[in-house]
Amino acid sequence: MKEHLDMSDLSASLPAAAAALSAEDRAGLVNALKDKLQNLAGQHSDVLENLSPTVRKRVDVLRDIQSEHDELEAKFFEERAALELKYQKLYAPLYAKRYDIVNGVVEVDGLKDEAATDKAEDKGVPDFWLTAMKTNEILAEEISERDEDALKYLKDIKWCRIDDPKGFKLEFFFNTNPYFKNSMLTKVYHMIDEDEPILEKAIGTDIEWLPGKCLTQKILKKKPKKGSKNAKPITKTEKCDSFFNFFSPPQLPDDEDDIDGEEAEELQNLMEQDYDIGSTIRDKIIPHAVSWFTGEAAQEDEFDGIEEDDDEDDDEDDDDDEDDEDEDDEDDEDEDEEESKSKRKTKKGGAPNAGVTEQAEQPPECKQQ
């Protein structure tokens with residue numbers, strides 16, 4: 001069993017995502033990891049040194065058990081990735097059938113004769129992806145009213161894993177539309193650790209907006225002041241809320257010294273929010289798009305939320321009950337003390353007040369009724 005951490009081959013054992021960094025950044029990452037590991041190693045040795053020989057022997061056996069567990073866990077992650085890949089291949093034909101029906105490429109049985117007389121705009125399932133996304137609470141907050149018409153041209157969303165560096169890619173396929181030239185928009189997430197997961201960075205497609213159609217910016221026009229030589233209105237471009245900002249994700253600065261603690265925290269929150277949107281599309285919308293379109297998935301989400309709230313309420317009720325019991329115990333003690341005082345007065349020959357005697361003989365009030 002190793003008692004010391006070997007730092008010599010640390011750079012060789014870095015995750016694949018780190019290999020995509022520049023040599024300078026990679027060196028910085030290695031040094032940061034070394035410092036962290038050395039600190040942990042120091043704490044680790046302190047704990048062991050303070051143990052008695054008998055307890056230390058037991059802990060050594062526990063560490064062996066932990067090592068066996070970690071080896072099994074590594075195999076679990078490998079097999080999970082292989083199983084996920086297997087089922088992605090099995091899902092693919094179902095997604096293809098869904099695409100064909102949604103986009104009117106094929107007609108379902110029983111409607112083929114009627115379909116011949118349908119107008120082009122009646123084919124398929126209009127606004128399928130827009131409706132599915134708007135039904136999800138997280139995505140609904142990102143979609144503005146201005147976005148809706150553009151998202152009606154969305155005909156499919158796909159995702160796939162990437163290996164070098166580790167991560168995943170989302171693909172949004174659009175019909176020809178009056179907003180941008182791109183037929184496909186992508187969002188790539190590079191992960192340092194997928195199992196945690198730890199995000200390194202996200203990269204989105206540069207959207208080729210058609211003139212005057214950019215949904216992520218709005219143009220403000222301001223009238224010139226009276227008496228101004230320039231009679232033309234002053235125009236100002238301002239960033240605005242839009243789902244399409246998803247393709248311009250927050251980026252870490254080249255030099256971490258360029259931002260202070262508050263800015264770093266805000267950036268981290270933005271990156272977490274961005275990842276939350278991406279993982280929601282990957283894990284919920286793509287595999288269960290039909291259920292989100294019909295609203296059934298949203299009802300299940302709400303039901304799950306109610307169950308979680310009930311669990312929290314139960315915990316709070318338990319705490320309240322404990323507080324009530326504590327109060328009742330205190331009341332009991334007060335009344336016992338009062339009764340004891342009354343008895344002491346009786347022994348001295350003084351007749352106790354009748355009201356006090358009656359009160360002492362009453363059972364404690366039940367505050368839970």
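Hi everyone, let's start with strand S2, residues 166-174, where seven of the nine residues are buried. Buried here means under 20% relative accessible area, exposed means over 50%, and partly exposed lies in between, using a 1.4 Å probe and protein chains only. Strands are DSSP runs of E with at least two residues, helices are runs of H or I with at least four, and both are numbered from the N terminus.

A quick word on the source: this is a predicted model, in which local features need pLDDT of at least 70 and side-chain atom pairs count only at pLDDT 80 or more, while totals for chains, interfaces and linings use all residues. Residues are numbered from 1 along each chain as its sequence is written, and side-chain values use heavy atoms, with hydrogens and water left out.

Back to the strands. Which strands pair with S2? Strand S1, residues 154-163, runs antiparallel to S2 and is joined to it by nine bridges. For pairing, DSSP has to find at least two bridges between two strands. A hairpin connects S1 to S2 through two residues, and Lys158 has Glu171 in S2 as its bridge partner. Strand S3, residues 184-193, also pairs with S2 in the antiparallel sense, over seven bridges. There, Phe168 has Tyr189 in S3 as its bridge partner.

Now for the salt bridges. How many salt bridges does a search of the whole structure find? The search turns up eight, where a salt bridge is a side-chain nitrogen of Lys or Arg within 4 Å of a carboxyl oxygen of Asp or Glu.

Let me begin with Glu84 and Arg161, whose closest N and O atoms are 2.4 Å apart. This pair links distant parts of the chain, since Glu84 sits in helix H3 and Arg161 in strand S1, 77 residues apart. Glu84 counts as partly exposed because its relative accessibility is 29%, and Arg161 is partly exposed too, at 38%.

Next come Lys134 and Glu148, which meet in a salt bridge at 2.9 Å, N to O. Lys134 belongs to helix H5 (residues 128-135) and Glu148 to helix H7 (residues 147-151), so the pair ties together parts that are 14 residues apart in sequence. Lys134 is partly exposed at 37%, and Glu148 is partly exposed at 22%.

Then there is Asp283 with Arg282, at 2.7 Å from N to O. Is Arg282 buried or exposed? Arg282 is buried, because its relative accessible area is 12%, whereas Asp283 is partly exposed at 42%. Finally, Arg56, Asp60 and Arg63 are linked in a network of salt bridges.

Glu68 is exposed, because its relative accessibility is 52%. Together with Asp64, Asp70, Glu71 and Glu73, Glu68 forms a negative surface patch. Patches take residues with over 30% relative accessible area and no salt bridge, joining like charges within 9 Å and nonpolar side chains (Val, Leu, Ile, Met, Phe, Trp, Tyr) within 5 Å. Lys and Arg count as positive and Asp and Glu as negative, while His and the chain ends are not counted; each charge is placed at NZ of Lys, CZ of Arg, CG of Asp or CD of Glu.

Helix H3 also contains Leu83, which is partly exposed at 48%. Leu83, Tyr87, Leu90, Tyr91 and Leu94 form a nonpolar surface patch with about 490 Å² of accessible area together. Accessible areas come from the Shrake-Rupley method with a 1.4 Å probe, and for residues only the protein chains shown count as cover.
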